[in-house]
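Here are a few friendly notes to read alongside the coordinates.

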Amino acid sequence: MEVNGNINQDELKNLIVKDIVASNFKSAEVFEKYGIDFCCKGNRPLGQACQENGVNMESLAGELKNIFESGSSDTNRYDMWQLSYLADYIVNNHHSYVKTMSPVISARLEKVLRAHGRNHPFLQDVADLFTAVSRDLELHLAKEEQVLFPMIKKIDEVKASGNAEALEKLSTVSGPIRVMISEHDRAGDILDRIRKITDNYRLPEDACTTFAVAYKELDEFERDLHKHVFLENNILFPKSLASARA
Ligand SMILES: [Fe+2]
């Protein structure tokens, strides 16, 4: 589905959030700004998502239309990529980002906690929650890389060979996909809790530069995870299931 600047507000209200993002990934920035979850809870019409989050539909629609009219978009057509290519892209881009940044952010939070923990006790919760999410993600990424993604790549291969029986066997991919989706929900919830505890990453007056860098990194980590999960939940997984059934 292509969404362009001629769309009116009523039509926009009925579009599904994840379809808007799939059509133009730049729209994700608007959803982030208004606090609307477009990955784990992206399967809702825009009007309903606005209502549930107490968001003014008119101003959000205006910003979305600006993006559609300007024609600016993430030029990657992820939905048209081959499954194997998309799986490799996710590993090389998003998985490696998580693996690189998790220890960097953990060390930064330790430092901030030592310097500011006494005045801001909530920093202990932030550090504990980040430790939990990075441990969960380490195991999650390993499961995807060692089990699920090789199955998904096999679907591409078997489909090209036209072996219907072998393809049928690969429809068991739905089991691990269900598990991965629930793990995405959990990781998303933990990062959402960190955002709430920190009052949307609002820096206290006595914050030093390290404190500010830690908040910036956490904010970016969450945004990257949203895109990462969006690509898996809404493109890679449904396409894999559809291919295995075909
Ligand atoms: Fe994942």
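**Notes on the pocket, the core and one serine**

1. Helix 9 gives the largest share of the lining of the largest pocket, with 7 residues. Please keep in mind that this is a predicted model.

2. Staying with that pocket, its space comes to about 640 Å³. The lining counts 27 residues, and those closest to the pocket centre are Gly 35, Asp 37, Asp 192, Glu 222 and His 226. Helix 3, helix 9 and helix 10 are the elements that each give two or more residues to this lining.

3. Next, the largest nonpolar core, which holds 74 residues. The members that touch the most others are Leu 12, Phe 31, Phe 38, Leu 46, Leu 60, Phe 221 and Leu 236. Among the helices that each supply at least two residues are helix 2 (17–23), helix 5 (57–70), helix 7 (122–161) and helix 10 (209–245). Because domain 1 (9–70) and domain 2 (79–245) both give residues to this core, it lies between them.

4. Leu 46 is worth a look in your viewer. Setting aside neighbours within four places in sequence, Leu 46 is in contact with Leu 12, Lys 13, Leu 15, Val 17, Ile 20, Phe 31, Met 57, Leu 60 and Leu 64.

5. The Ser 134 side chain reaches the backbone oxygen of Phe 130 at 2.6 Å. Beyond neighbours within four places in sequence, Ser 134 is in contact with Ser 102 and Ser 106.

Technical notes. Residues numbered from 1 in each chain as written. Predicted model: local features only at pLDDT ≥ 70, side-chain atom pairs only at ≥ 80, totals over all residues. Heavy atoms only, no water. Core = buried A, V, L, I, M, F, W, Y, C linked by side-chain atoms within 4.5 Å. Buried < 20%, exposed > 50% of the residue type's maximum accessible area, 1.4 Å probe, protein only. Helix = DSSP H or I, 4+ residues; strand = E, 2+ residues; numbered from the N terminus. Domains from an automatic or database assignment. Contact = heavy atoms within 4.5 Å. Polar contact = N/O pair within 3.5 Å; in protein donor to acceptor, adjacent residues only side chain to side chain. 1 Å grid on protein atoms, 1.4 Å probe; cavity = no way out; pocket = protein on both sides within 12 Å on 5 of 7 lines; lining within 4 Å. Points joined across faces, edges and corners; volume = space filled by probe spheres on them.
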